[in-house]
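Hi,

Here is the structure I promised to pass on.

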Amino acid sequence: MTRPKILVVGGGFAGVECLHRLERALRPAEAELTLVTPTDYQLYLPLLPHVAAGVLTPQSVAVSLRRRLRRTRIVPGGANGVDTAARSVEVHTTAGTTVHLPYDHLVLAAGSTTRTFDIPGLAEHALGMKTLAQAAYLRDHVISQLDLAAVATDEAERAARMRFVVVGGGYAGVETAACLQRLTAAATARFPRLDPGLLEWHLVDLAPKLLPELGDRLGAKAMETLRRRGVRFSLNTSVRAVTPESVTLTDGRVLPTRTLVWTAGVAAGPLVGTLDGPTVRGRLRTTAELTVPGSPGVFAVGDAAAVPDLAVGGDAITPPTAQHAQRQGKAVARNLVARLRGAPLRPYHHRDLGLVVDLGGTDAVSKPLGVELSGVPAQLVARGYHVMALPTLTARARVLTNWALNATTGDDFVRTGFQEGRPATLQDFERVGARPAGPDAGRPGSAPDTPRPDPA
Ligand SMILES: Cc1cc2nc3c(=O)[nH]c(=O)nc-3n(C[C@H](O)[C@H](O)[C@H](O)COP(=O)(O)OP(=O)(O)OC[C@H]3O[C@@H](n4cnc5c(N)ncnc54)[C@H](O)[C@@H]3O)c2cc1C
């Protein structure tokens with residue numbers, strides 16, 4: 001007898017948690033488990049800024065799938081499209097071939113990509129912070145600017161190379177700016193030719209406040225901490241144009257710089273557009289049971305999905321966080337088991353546990369279970385949370401060891417050069433499968449779709 005086929009697309013927080021639970025809950029005879037993923041690791045994204053700052057090695061945040069999943073078939077590649085009528089997923093493998101994988105039950109857990117806007121020069125010149133390669137590239141790029149500034153004979157060039165612009169006042173942008181600012185400030189001690197006074201970090205956001213998820217007080221506290229360290233803020237401001245040597249802001253200022261880091265939000269990847277379901281801000285709308293209406297056998301979870309937030313109520317959907325993605329992975333596994341065994345599905349319900357924001361060193365703000373913390377207590381909570389949330393003991397040991405090494409021996413300023421000369425746009429790094437990443441990418445083998453109207 002053939003076993004029902006469960007196919008999971010995306011090996012991130014949601015997808016891996018789902019398969020890990022299914023392996024434990026189902027007997028091998030009950031279902032065939034397959035994962036489509038471009039990498040053989042689960043990336044612990046919340047610690048990517050530490051990789052960019054060189055506090056952690058890339059390996060520390062890349063959790064081996066082979067350690068967590070013992071009997072899932074792992075297909076290396078990216079899903080290009082879903083044919084819900086034929087119950088099949090088109091996959092572009094890392095070998096460059098195209099295969100069609102049939103499914104009885106499909107879990108879409110392909111996460112998100114960096115959200116961009118139609119700003120001249122942005123797609124060509126902005127750097128992102130969403131993949132391991134981007135974090136490693138950014139680190140090399142920042143250190144390279146210091147190396148070049150140290151030998152620049154033109155003062156304007158030296159100042160431009162020592163000026164860094166980060167766009168996005170959410171946790172990704174704030175942590176990236178904070179960790180890299182700390183790295184560059186420490187670097188000036190090892191670069192005697194560099195004037196520390198020339199170092200400039202700018203954080204730009206269209207919103208009037210930083211870290212709105214944490215509330216007014218902690219957002220202001222984070223700002224005060226970073227301002228003390230020399231970070232300049234441009235709120236209620238966005239970017240009008242980008243060139244290789246400057247960023248023009250919407251308030252008219254032109255900042256000569258060689259570095260723009262773009263972390264202004266996320267959008268679901270192009271795969272979502274190949275289903276006919278309704279979307280909310282580009283995420284696939286699901287029921288509270290995580291099923292996709294109108295697509296039999298399909299579930300969606302994590303950043304790719306717009307899941308009703310029953311803990312908040314009304315029209316609220318769960319925010320795109322690792323906390324929700326992981327728990328939705330667990331919930332969808334429970335519902336898949338229920339479906340296989342003819343039991344009723346249960347709705348997803350999770351009350352947010354809060355957020356931690358690591359500003360580097362002993363600086364942090366966090367709000368565990370509604371309690372507002374800053375400084376050392378917040379940092380202890382932040383680091384403790386990450387250690388507990390890392391999925392394997394090996395990953396925890398690697399992270400703890402690297403933190404201890406960094407705390408005792410300080411920063412190093414080494415460019416690996418592995419990615420030198422390679423194209424480095426957001427799309428180059430975030431492309432999965434045969435098609436480019438980005439919300440406007442179309443179906444496989446056809447002209448790009450006209451984006452469907454978003455009901456939100
Ligand atoms: C810098 C940064 C800091 C963050 N900090 C925090 C934090 O402190 N707390 C928090 O809760 N959240 C944080 N987040 C957000 C959190 O990381 C995401 O919400 C979470 O990763 C979403 O989980 P997911 O499983 O939906 O997607 P992901 O974990 O992104 O996994 C998606 C997977 O799908 C793969 N994939 C994509 N497209 C395809 C395709 N077509 N076919 C096959 N596979 C595909 C990807 O390669 C990836 O492996 C942070 C994010 C960033 C970028």
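Below is what I found, starting with how to read it.

This is a predicted model, so local features are only used at pLDDT of at least 70 and side-chain atom pairs at pLDDT 80 or more, while totals for chains, interfaces and linings use all residues. Residue numbers start from 1 along each chain as its sequence is written. Helices (H or I, at least four residues) and strands (E, at least two) are DSSP runs numbered from the N terminus.

First, strand E10 (residues 163-167). Five of its five residues are buried, where buried is 20 or more other C-beta atoms within 10 Å of a residue's own, exposed is 12 or fewer, partly exposed is in between, and C-beta atoms are placed from the backbone. In a regular strand the side chains alternate between the two faces of the sheet. In E10, Arg163, Val165 and Val167 point one way and Phe164 and Val166 the other.

E10 pairs (strands pair if DSSP finds at least two bridges between them) with strand E11 (residues 200-204), in the parallel sense and over five bridges.

Next, the ligand. The shell around the ligand has 37 residues, and Gly10, Gly12, Gly111, Gly302 and Thr321 come nearest; a residue is near if its C-beta atom, placed from the backbone, lies within 6 Å. Among the elements that give two or more residues to this shell are helix H1 (13-25), strand E5 (73-83), H7 and helix H9 (322-340). By class there are 22 nonpolar, 13 polar and two charged residues. Here Ala, Val, Leu, Ile, Met, Phe, Trp, Tyr, Cys and Pro count as nonpolar, Asp, Glu, Lys and Arg as charged, and the others, Gly among them, as polar. Domain 1 (5-115 + 267-351) and domain 2 (122-264 + 354-415) each give at least three residues to the shell, with bounds that come from an automatic or database domain assignment.

There are also a couple of three-stranded sheets to look at. One is open and antiparallel, in the order E13-E14-E15, with strand E13 (239-243) and strand E15 (254-256) at the edges. E13 and strand E14 (residues 246-249) share four bridges, and Val239 is partnered with Leu249 in E14. Another open antiparallel sheet runs E22-E23-E24, and its edge strands are strand E22 (356-358) and strand E24 (373-374). Two bridges join strand E23 (residues 364-366) to E24, where Val365 stands opposite Ser374.

Most residues other than glycine have a negative phi. Leu211, in the loop between E11 and helix H8 (216-228), has a positive phi of about 45°. Leu211 counts as buried because it has 25 C-beta neighbours inside 10 Å. Leu290 has a positive phi of about 80° and is in the loop between strand E19 (283-285) and strand E20 (298-300). Leu290 is buried too, with 28 other C-beta atoms within 10 Å.

Cheers
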